[in-house]
Amino acid sequence: MTSHVRTGNITLVKKMNKQLVLKLIRDQHPISRADIAKTTGLNKATVSALVDELIAEHFVHESGIGVSTGGRRPLMLRFNADAGSLVGVELGVNYLYAVLTNLNAEIIWEQRRSFRPEEGQEAIVSEMIELIEAAIRRAPATPYGVMGIGIGVPGVVHTESGTVIFAPNLRWDDVALASALQKRWPQYPVIVENEAKLAALGEKWFGAGKEFAHFVYISAGIGIGAGVVLHHQLYRGVNGLAGEIGHHTIDLNGARCNCGNIGCWEMYASEKYIKRRLAEEGRTEWLDDRFSIAAMALAAENDAQLARILEETGRYLGIGLLQVIYAYNPEAVIIGGPLAQAGDFVLDAARKEVRERILVKKESEPYMIASELKEKSCAIGAAASVLEAVVLPPEFEPAL
């Protein structure tokens, strides 16, 4: 660094270096101080000082002696996943799912509750508060206790204020969710974000996205949303609209969507389409309490009509994915949400559609894979959003 760097910047650089060291220990533990210095390019004295601080702060602990490469055998370092707990909540269109995890997103406690959207916003928020209370009560004794609460919502969210601007499938408009929860728990950071964005974050930290710098996570269930990760960072757009791809039009004269528009992609590559097609084909027995995409996929092994409906849905998924691939050119597309439970019926049809229609063959075709975290991806991503905000920020804006 040049000698004219201001003191304020020196503090920032130290903070950045400390986060770099902590992230390296988390990702590659057990690791020695010498290997940290070698990997980061920081000098040994700096690494040693930063590690000592992290040990004092309970985020790192020494875990025995490593193998000598000449000289003294090194003390090995590990990330302390039990330094604190994280609460993650997914607000679905008709359910709430909450987890309490350690700092490695290992689930300590979880609970799922169903509701009907017509119960209304107040009742749903009360139910959410009860679930969060239950999670907090079960938090084990740790140096930092509960470190924050993350909430995933199926709609457009203003990230900074945590306001749900528009959630058509819940019929919510301008709901100040973060501020309502912050009043209840002023001692904890509260993060509210779109569910697909948080699911992408969950996959980035702990799932199928770990090995990719650029990927798009598609949440396909009652609706469709996306979380876009570029250069390892979650991309939100100017005001949180990035990823609202379920509402791009694929049929000008198509079905009317809950958002008010006609022919939205989510009317064709979602549970809504499957249910519409089941009704058209007279398969009404599948529209009662038996309906689930996983059960339908199982039955489709020996039922050509059900298989055809799932494959049609997969084709529509592939047609919409082309727009996503052209927009972001990702290394991978990760399919999550209930539609992913249809497995190869949907995924193979989507892959085939992309392969046949894509402009440049082979080189530009991304991996298309199922979510690793499955139905837990949003709640784990919500917990990861707290981890990222409080313990391991992904990047710092340098002071000018």
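Visitor: How many bridges join strand 7 to strand 11, and do they run parallel or antiparallel?

Guide: Bear in mind that this is a predicted model. Strand 7, which covers residues 146-153, is joined to strand 11 by five bridges, and the two strands run parallel.

Visitor: Which residue stands opposite V153 there?

Guide: That is N194, which belongs to strand 11.

Visitor: And strand 11 itself, how many of its residues are buried?

Guide: Five of the five residues in strand 11, that is residues 190-194, are buried, so the strand is largely enclosed by the rest of the structure.

Visitor: Switching to the open sheet of three strands, what is the order?

Guide: The order is 1-3-2, and the pairing in this open sheet is antiparallel. Strand 1 (31-32) and strand 2 (60-65) stand at the edges with a single partner strand each, so one side of each has no neighbour in the sheet.

Visitor: How many bridges hold strand 1 to strand 3?

Guide: Two bridges join strand 1 to strand 3, the latter made up of residues 75-79, and these strands run antiparallel. Within this pair, S32 stands opposite M76 of strand 3.

Visitor: Let's move on to pockets. What volume does the largest one have?

Guide: The largest pocket holds about 1000 Å³ of space.

Visitor: Which residues should I select to find its centre?

Guide: Of the 42 residues that line the largest pocket, Y95, G221, I222, E271 and P338 lie nearest its centre. The elements that give two or more residues to this lining are strand 12 (215-220), strand 13 (224-230), helix 7 (271-280) and helix 11 (377-391).

Visitor: How does that lining divide by class?

Guide: The lining of the largest pocket has 14 nonpolar residues, 16 polar residues and twelve charged residues.

Visitor: What does the C-alpha trace span along the principal axes?

Guide: The C-alpha trace spans about 75 × 50 × 45 Å along those axes.

Visitor: And what share of the residues is buried?

Guide: Buried residues account for 52% of the 400 residues. As for contacts, among those with a separation of 6 or more, 60% are between residues 24 or more positions apart.

Technical notes: Residues are numbered from 1 along each chain as its sequence is written. This is a predicted model: local features need pLDDT of at least 70, side-chain atom pairs count only at pLDDT 80 or more; totals for chains, interfaces and linings use all residues. Side-chain values use heavy atoms; hydrogens and water are left out. Two strands pair if DSSP finds at least two bridges between them. Helices (H or I, at least four residues) and strands (E, at least two) are DSSP runs, numbered from the N terminus. Buried means under 20% relative accessible area, exposed over 50%, partly exposed in between (1.4 Å probe, protein chains only). On a 1 Å grid over the protein atoms alone, a cavity is a set of points where a 1.4 Å probe fits but cannot get out, and a pocket is an open set with protein on both sides within 12 Å along at least five of seven lines; lining residues have an atom within 4 Å of a point. Grid points are joined across faces, edges and corners, and a volume is the space filled by probe spheres set on the points. Ala, Val, Leu, Ile, Met, Phe, Trp, Tyr, Cys and Pro count as nonpolar, Asp, Glu, Lys and Arg as charged, and the others, Gly among them, as polar. Contact means heavy atoms within 4.5 Å.
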